[in-house]
Amino acid sequence: MLNRLKSAFVSRSELVEHVATVADWLEPASPGVFVGGQEAAEERLKQLDPQAYCRSRNFLDGKVTRLSPYIRHGILTLDQVRNTALDKVSKAAQIEKFIQELAWRDYWQRVYYRHPEYIWQDIENYKTGLAADDYADQLPEDIASGSTGVACIDQFIAELLDSGYLHNHARMYVAAYVVHWRRVKWQAGAKWFLHHLLDGDPASNNLSWQWVASTFSNKPYIFNLENVRKYAHPGINTHSAENKVLNASYDELNARLFPIERGAL
Amino acid sequence: MSQLVWLHEDALNMDHPVLRRAGRDALVCFVWDDRYLQQMDYGFKRLVFIYETLCQMPLQIYRGDTVEVLSELAADQRTDSIHIPSTPNPVLQAIATRLQQRMNVETVEDAPFVRLNHDPDVKRFFRYWNKARKSALQHAGGRQE
């Protein structure tokens, strides 16, 4: 017996109520900040400013494109986005950084095709002086709920839970905090992000967590409060007293977070 | 007899080459498979996003086990084959493998982002980028070599 589902609704809230009935294993919530569908995707594509992206993408209030949920589900293709971006400039070199970021997604997909086992297994050892067993299996509750006591990290987590989206730089900060400050396995963090991110993709998400963890890169990625201050906007709390564990130089943090490698003694 | 297309969550796009391959009369469907969605562990917001996308597409949404639903639709359509967009997702690939025991499965690739003569080394991004850069910076990835 075929069970055909309805696809016409008078309002978005009626649609959301319907999803609650066909996803009855989940607690209903408000929809995310993105509207689904081709129309919304093309509207956002029209507003794409690849040169502004290249100038400001690392800043938490920079002109990022917010195309990722649409690309993730194939609503827009990388080819289409690249072609649209090229049509907006006279020379491809002006937007090379933007196209390179699209290439990251293409690269992650190729890795996924070639090595599906890389999605959940450590690709290499951690280069932190620690073994995989030194990291916790489970995500601590205070991280899951955004009550770590580290002010900027809690703000980023609140944004993730509330909107289903997070700026890439903030994702890297949270991932580094989870893996290196809290010594939690990247897999636990990756699973948590995949649940909440509207654009969460097993390849882009998990392989980026491996990159931060150093199991798919040559060294662990860390940051400090000074770096957050450089890229944050005034809405992010970067007071030293409320972000104590981040307020140190890179040398101090490396010494504090990573034991001296046995070989180096 | 008309053709059957299964659009899964990695390719929610009516411009996907799979639709040209299947032809204009093809029945296009999405399967809302509770077990699959639970396995992927998507949150509620994501499911709203996916459903909202589906509602704007000229396709039919069915709820049930993917293989069972598609087998029944194939029987209704009097066809013994199905067209599927290519995906790296092993869970979806496993479903396609189960379908293969019941019908012919044709997977179709999307338009490529870059055109490369050889599969690049994927050990590190910049090994790939050195090979892919030239093509990536051109409209449609440049001319087919």
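# Two chains, question by question

Me: Does E39(A) count as buried or exposed?
Reply: Inside 10 Å, E39(A) has 12 C-beta neighbours. Buried takes 20 or more other C-beta atoms within 10 Å of a residue's own, exposed is 12 or fewer, and partly exposed is in between, with C-beta atoms placed from the backbone. So E39(A) counts as exposed.

Me: At what pLDDT do side-chain atom pairs count here?
Reply: Residues are numbered from 1 along each chain as its sequence is written, while chains are lettered from A and ligands numbered from 1 in the order in which they are written. This is a predicted model, where totals for chains, interfaces and linings use all residues, local features need pLDDT of at least 70, and side-chain atom pairs count only at pLDDT 80 or more.

Me: Which helix of chain A holds E39(A)?
Reply: Helices here are DSSP runs of H or I with at least four residues, strands are runs of E with at least two, and both are numbered from the N terminus. On that count, E39(A) is found in helix 2 (residues 38-46).

Me: How far apart in space are E39(A) and D142(A)?
Reply: In sequence, 103 residues separate E39(A) and D142(A). C-alpha to C-alpha, the distance between E39(A) and D142(A) is 38 Å.

Me: Why is helix 11 of chain A largely enclosed, and what do its buried residues pack against?
Reply: Helix 11 covers residues 202-213, and twelve of its twelve residues are buried, so the rest of the structure largely encloses it. W209(A) and W211(A) are among them. These buried residues pack against helix 6 (96-114), helix 9 and helix 10 of chain A.

Me: What does helix 8 of chain A span, first C-alpha to last?
Reply: Helix 8 runs over residues 151-163, which is 13 residues. The expected span is 1.5 Å times one less than the number of residues, and for helix 8 that expectation is 18 Å. The helix comes out close to it, at 18 Å.

Me: Which residue just after helix 8 takes a positive phi?
Reply: Helix 8 has buried residues including F156(A) and L160(A), and their cover includes helix 9 (168-181), helix 10 (186-196) and helix 12 (225-231) of chain A. Just after helix 8, a positive phi of about 80° belongs to G164(A).

Me: How far apart are the centres of the two domains of chain B?
Reply: Domain bounds come from an automatic or database domain assignment, which gives domain 1 (4-108) and domain 2 (113-145) for chain B. Taken over C-alpha atoms, their centres are separated by 29 Å.

Me: Which element of chain B gives the largest share of the side that touches chain A?
Reply: Counting a contact when C-beta atoms, placed from the backbone, lie within 7 Å, 49 residues of chain B are in contact with 58 residues of chain A. Helix 3 (44-55), strand 3 (60-63), helix 4 (66-77) and helix 6 (125-136) of chain B each supply at least two residues of that side. The largest share, twelve residues, comes from helix 3.

Me: What is the bridge partner of L5(A) in strand 3 of chain B?
Reply: Strands pair if DSSP finds at least two bridges between them. Strand 1 (residues 4-5) of chain A and strand 3 of chain B are joined by two bridges and run antiparallel. In strand 3, the partner of L5(A) is I61(B).

Definitions and conventions. Two residues are in contact if their C-beta atoms, placed from the backbone, lie within 7 Å.
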